[in-house]
Amino acid sequence: MTYRPAALLVVFSVALSGSPAHAQEYFGQNKVQYKTFDFQIMKTEHFDIYFYPAEREGAAIAARMAERWDARYQRLLSHTLRGRQPLLLYASQVDFQQTNAVPGQIGEGTGGVTESGRRLIVLPMGGPLGDTNHVIGHELVHAFQYDITTNPNAPGEPRAGQLPLWFIEGMAEYLSLGPVDPNTAMWLRDAQRDNSLPAVKDLDNPKYFPYRWGQAFWAYVGGRWGDDAIRPMLNVAAASGGDMEQTFQKVLGISTKQFSEDWHAAIQNAYAPVLEKTTPAAEVGRVIVKGSGLGGQLNVGPALSPDGRLLAFLSERSLISIDLYVADAHTGEVLRKLTSTATNPHFSSIQFIYSAGAWAGDSRRIAIATVTGGRPALAIFDAQNGNKEREIDLHELDQIFNPTWAPDGHAVAFTGMAHGLTDLYVYDLQTSALRQLTDDPYADLQPAWSPDGLRIAFATDRFTTRLETLDIGPYRLALIDPQSGRIEEVPATDAENINPQWSPDGRLLFFISDRNGIPNLYRVPLDGGGAESLTDVATGLSGITDSSPVLSVAAETGTAAFTVYLGGDYAIHALDSAATAAPVAVDTTAARAATLPPVDRKPSEVAQMLANATMGLPAANAEFQIAAYKPRLQLEGVAQPSIAVGGSRYGATIGGGIGLQFGDLLGNHVLTTVVQVDSGVGGSFSVKNTAAQLAYLNQSRRWNWGAAAGQLPYLSGGFQSGIGSSPTGEPVEIDQAIIFRQTERAASGIAAYPFNQAQRVELQAGVSQLSFDQITRTTVYSLNSGALLSDDTATVALAQPLTLGTTSAALVYDTSTFGATSPIDGQRYRFEASPSFGSIDYTSLLADYRRYLMPVSFYTIAGRVVHFGRYGSGGDDQRLFPLYLGYPQLVRGYDVDDFDAIDCPPTPDASCAAFDRLIGSRILVGNLELRFPVLRPFGVSQRMYGPVPAEVALFVDAGVAWDRGQSPSFLGGTRHGVSSAGVALRVNLLGFAVGQFDIARPFQRPGQGWVFQFSLTPGF
């Protein structure tokens, strides 16, 4: 996966003028540092491998793999990376999700990241060596792409960052996997069957997954023009700014249109015979669960209860997250949802990619592998009522996958991951003891306990992998005695064999094999005899990845449930009495089903490279130098420098600014500096007109802390002109530019402690000084000659400065799920108290609660109640900015720019009741919205928002402002509130901002009709 950072990441800001947010983000979920990683550096010939002691064995293997990939790509791409290549390695996906080297939350499906600026590769050990090897190979391609397309004499963003994802990610997949891939071939056959093959111009559509379709694209280029066309394609595409037409014409000699036609013909030629000889997926077994059009396109990890009556499976049918569901195994009716990972912060993962649920023998309890508190756990649910019965903390491990119950229910076996490698473990539920069954670098996956409890079947590469050369072989089936640990191979097929399941009598093993290039259901007798195919699906039986769990067999009935890929969706089918079902003849000579077109390929340098396990591989006994990691701050980003020059009859002004960010490689230490200068009124620079901030943040521990100091001027004012006379009686024009300036100088420290991904506490303490002055520039011009007679600038203090000690404590909670333009599910709250003391004493109190309900798919009811007020003797001090209700983020239809003479007729004291009612030292606001995608009422149901990331909201807003000694009218006071209603349209502006267009009817502005407003504001 590529990662393209913004030019400057503003890590945090501290506001000391009484605003509600004092530290970090106002809302937002947490990246929790559950562990403290003591990083070291393993130095190979070309790499700096950053690792910590818990993954020492796996890191040494990864280092050898990295050097081998580097040698391959040097030859294939005719390029040597400049400088040493950093690779930041984590022992597991759980640890990887805690990294600070990559900002923001990291999803469970992210296998690795390559950052473009520093060319830093960040990834977790994959568990199985084959997965780790693939991800290193994939991410290193990105490092080469960035290095090749960066001009060393003019450093800047690599031009590869301008290229489409299918071009970049597809190349990384092709070079790391090659032209033979059953998983990608399955996608191509499915699209051909459905007559939905994309042209090159369609590949930018998110409908076409860039990894799979990009790999297929590059496999066709390599097969027709040779793999030596890859580097020229990259060079020309980067130089042309991603102009594919120019790239195709210059390198391949054909247009993109002709390429697409030829490519489609090659796919047809390769797979038409396969589709003719195989069974359409829709005709295999009986369908239990499939997509409904409103979610449910992903139904994976099937698990049949022993009695065959219930089916547990993983699905995104809630549209918000992937969760565990229980359905009737005969009708497919969903009975209940057992997890809610989007809105319940307890489970940060249910391992949906490489795991599935497991039933106890009573057909009532079900166990799933989870992650909670940064540690793996085994959660046991009562499937009848949905209650969680037990949660077993397995802190000795990093992750667990695929639990399986002992037939008598006394223990659960599973794949456990530690030190970056996988092994088999058994947890005794009665004695609470964990026991390790295997202990080696081989992959041991998908265990299944035999009906008699004497053996556990599993998939492993121990019979095909050579550790000394890291030549990773396909998975085979094996049996292990859980008492003695003795392992024996189960002869099945000479292809990839995964996901073993037992027949009720224990005489057969069912499994998934891609024997003919297509993953299908097989069975093999354990007392001798060859494997038989039970399905011959044209697309394939597959989970999210080629090693995800696919199959489940009911322990009492023998019914088999499996995931079928069809139409871009994953459905669950069943085959009754699989033990006695008639076998299906399979054309084992049709192995080309896994080969990506064209059929007649040029000799593949990529395939030869992948087949050579020793090329560039350091020896198994190679010793690498180890050094301690010492954080050093380096420049990471520069905000776009700005400069502005203006002039008028009153003089010239000039201003500008720049921001810099520094950080260490791990992202634990971040230093941000921002400076903006302005010549101000009179054209002379003043320290008081300079805005500057210096901020430091330390994220190396669970307690995040930092400090900030700076100055921020707030300027407002106006202009007035009049006629007068000079001391000599000459008529003159007197012009005055009047600027009111409030300058804030502040220094503070902050700290934050996250309890989990959703909830944290924030603390802040500091000191600030606020000064108030008026700058008046007076120019006098002769009305006779137009000559400038005088030009004076005077600065006077308007009030005594305020010196304040500031503190705050906040409790923040956020489980909201953000759509394209606003939150659509979950809840948020922030409760904060901020005492200030010194020149004046007051305490700011904030209570902000927001709830988002989706009673019907795509329609969200959003509600918010927020109160902010300054309490105490100094809360109403005139030197503090008053609070205002009429901002677009609060009560719409009352924006300050909308007020005119209709709202404010002349009064003797120049007051305006309609405006004055909107300001005070305390406010209370309530908002209610009904949100839905623009096209949803017209039936659009694909991908939530259809082709346009836009949202309509019907809203009602209300609020009231008051001062000390007053109270709102609904509490018996004299301050009346205001309200409005209307329609909002929000549009996601290419991911950079959300544009909001409001049409509001304010009910407390009698002379004002509908008000139109625009703001760059996401929905609350």
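Which residues does alanine 367 touch, not counting residues up to four places away in sequence? The first view takes up that question. The model shown in every view is predicted.

**View 1. Alanine 367 sits in strand S13.** The strand covers residues 365–372. Alanine 367 touches Ala356, Gly357, Ala358, Leu378, Ala379, Ile380, Pro403 and Trp405, with residues up to four places away in sequence left out of the count. Its relative accessible area is 0%. Buried means under 20%, so alanine 367 counts as buried. One of the residues touched, isoleucine 380, is 13 residues away in sequence. In space, alanine 367 and isoleucine 380 are 4.3 Å apart, C-alpha to C-alpha.

**View 2. Helices H5 and H9 cross.** H5 spans residues 182–193, and H9 spans residues 256–277. Their axes come within 10 Å and cross at roughly 85°. H5 is therefore roughly perpendicular to H9. From H5, the contact uses Ala185, Leu188, Arg189, Gln192 and Arg193. From H9, it uses Ile267, Gln268, Tyr271, Ala272, Val274 and Leu275. Sorted by class, the contact has seven nonpolar, two polar and two charged residues.

**View 3. Helix H5 is mostly covered.** Of its 12 residues, 10 are buried. The buried residues are Asn183, Thr184, Ala185, Met186, Trp187, Leu188, Arg189, Asp190, Ala191 and Gln192. They pack against H6, H9, strand S29 (560–566) and strand S30 (569–575).

**View 4. Helix H6 is largely enclosed by the rest of the structure.** This helix runs through residues 210–225. Buried residues make up 15 of its 16, so the rest of the structure largely encloses H6. At 1.5 Å a residue, H6 should span 22 Å. Its end C-alpha atoms are 21 Å apart, in agreement with that value.

**View 5. Four strands form an open sheet.** The order is S20-S21-S22-S23, and the pairing is antiparallel. Strand S20 (444–449) and strand S23 (487–490) stand at the edges. Each has a single partner strand, so one side of each is left without a neighbour in the sheet. Neighbouring strands of this sheet are turned by 30° against each other on average, direction ignored. Strand S22 (residues 476–480) pairs with S23 in the antiparallel sense over four bridges. Alanine 478 stands opposite glutamate 489 in S23.

**View 6. Strands S10 and S11 form a hairpin.** S10 covers residues 323–328 and S11 covers residues 334–337. They pair in the antiparallel sense over three bridges. Alanine 327 stands opposite valine 334 in S11. Five residues lie between the two strands. In the turn, glycine 332 has a positive phi of about 80°.

**View 7. Phenylalanine 1003 lies in a loop.** The loop is between strand S50 (993–1002) and strand S51 (1011–1015). Is phenylalanine 1003 buried or partly exposed? With a relative accessibility of 47%, phenylalanine 1003 counts as partly exposed. Leaving aside neighbours within four places in sequence, phenylalanine 1003 is in contact with Tyr894, Ser979, Ser980 and Ala981. Phenylalanine 1003 and threonine 690 are 42 Å apart in space, C-alpha to C-alpha, and 313 residues apart in sequence.

Notes: Residues are numbered from 1 along each chain as its sequence is written. This is a predicted model: local features need pLDDT of at least 70, side-chain atom pairs count only at pLDDT 80 or more; totals for chains, interfaces and linings use all residues. Side-chain values use heavy atoms; hydrogens and water are left out. Two strands pair if DSSP finds at least two bridges between them. Axes are lines fitted to C-alpha atoms, for helices over the stretch in contact, and angles run from 0 to 180 degrees between N-to-C directions. The expected span of a helix is 1.5 Å times one less than its number of residues. Buried means under 20% relative accessible area, exposed over 50%, partly exposed in between (1.4 Å probe, protein chains only). Angles under 35 degrees count as roughly parallel, over 145 as roughly antiparallel, 65 to 115 as roughly perpendicular and the rest as oblique. Contact means heavy atoms within 4.5 Å. Ala, Val, Leu, Ile, Met, Phe, Trp, Tyr, Cys and Pro count as nonpolar, Asp, Glu, Lys and Arg as charged, and the others, Gly among them, as polar.
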